[in-house]
Amino acid sequence: MPHPDDQRDEARKRLDEGLNAFDKKRARPDPLFGRGDAGSMGEGYRLLAGLIGGGLAGLGLGWTFDYFAHTSPLGLVGGLLLGLALSIVSAVRSAAQMSARSVKEKGVAPPVPDDDDE
């Protein structure tokens, strides 16, 4: 005669297996911002937003500096150049990290175009 604890353990095991299967089905990556080929779109938008935000932040800081120091165009231009330079450096670093992550996940380096193909 089966013991009641054995029946509970079997029922618990079946329930855990069903929940694990449900979680695997539900855990699909988001096509725009998840991992995978289409997930790169979200990372690209993030890079673009960083570039635009860096330029705008530099403009704002340069304008503020001009307003208080009365050096009309110099602060604005300097702030824009500084903001763009910092955002470009940040974007290049992020792109390198994304490339390294892609190589690590897929095991294949991205294709590099040859100049000989032309």
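Where do D9 and R12 both lie, and how many residues apart? Both lie in helix α1 (residues 4–26), three residues apart, about one turn of the helix. A salt bridge here is a side-chain nitrogen of Lys or Arg within 4 Å of a carboxyl oxygen of Asp or Glu. D9 is partly exposed, at 41% relative accessible area. An α-helix has 3.6 residues a turn, so residues three or four places apart point the same way.

**Basis of the model**

This is a predicted model: local features need pLDDT of at least 70, side-chain atom pairs count only at pLDDT 80 or more, and totals for chains, interfaces and linings use all residues. Residues are numbered from 1 along each chain as its sequence is written, and side-chain values use heavy atoms, with hydrogens and water left out.

**Overall build**

The chain has three helices and zero strands. Along the sequence, the pattern is α-α-α. Helices (H or I, at least four residues) and strands (E, at least two) are DSSP runs, numbered from the N terminus. Of the 118 residues in the chain, 13% are buried. Buried means under 20% relative accessible area, exposed means over 50%, and partly exposed is in between (1.4 Å probe, protein chains only). The chain exposes about 9900 Å², and carbon and sulfur atoms supply 64% of that area. Accessible areas come from the Shrake-Rupley method with a 1.4 Å probe; for residues, only the protein chains shown count as cover.

Contact means heavy atoms within 4.5 Å. Among contacts with a separation of 6 or more, residues 24 or more positions apart account for 43%.

**Helix α2 and its cover**

Helix α2 covers residues 40–69. It has 30 residues and reaches 43 Å from its first C-alpha to its last, close to the 44 Å expected at 1.5 Å a residue. The expected span is 1.5 Å times one less than the number of residues. Just after α2, H70 takes a positive phi of about 55°.

The buried residues of α2 are G42, E43, G54, G55, G58, G62 and D66. What covers them includes α3 (72–106).

G55 sits in α2 and is buried at 6% relative accessibility. How far apart are G55 and G83 in sequence and in space? They are 28 residues apart in sequence and 4.9 Å apart in space, C-alpha to C-alpha. Leaving out residues up to four places away in sequence, G55 touches L80, G83, L84 and S87.

S87 belongs to helix α3. S87 is buried, with a relative accessible area of 8%. Setting aside neighbours within four places in sequence, S87 contacts G50, L51, G54 and G55.

**A salt bridge between helices**

How many salt bridges does a search of the whole structure find? It finds two. R101 forms a salt bridge with E43, and the closest N and O atoms are 3.1 Å apart. This pair links distant parts of the chain: R101 is in helix α3, E43 is in helix α2, and 58 residues separate them. R101 is partly exposed at 31% relative accessibility. E43 is buried at 10%.

The structure holds two aromatic pairs. Rings of Phe, Tyr and Trp (its six-membered ring) pair if their centres lie within 6.5 Å; planes under 30 degrees apart count as stacked, over 60 as edge-to-face and the rest as tilted.

| Pair | Centre to centre | Angle between planes | Geometry |
|---|---|---|---|
| W63 and Y67 | 5.5 Å | 25° | stacked |
| Y67 and F68 | 5.2 Å | 85° | edge-to-face |

Why is the pair of W63 and Y67 stacked? The planes of the two rings are at 25°, so the pair is stacked. W63 and Y67 are four residues apart in α2, separated by about one helical turn.

Ring pairs link W63, Y67 and F68 into a cluster. Y67 is exposed at 52%. F68 is exposed at 64%.
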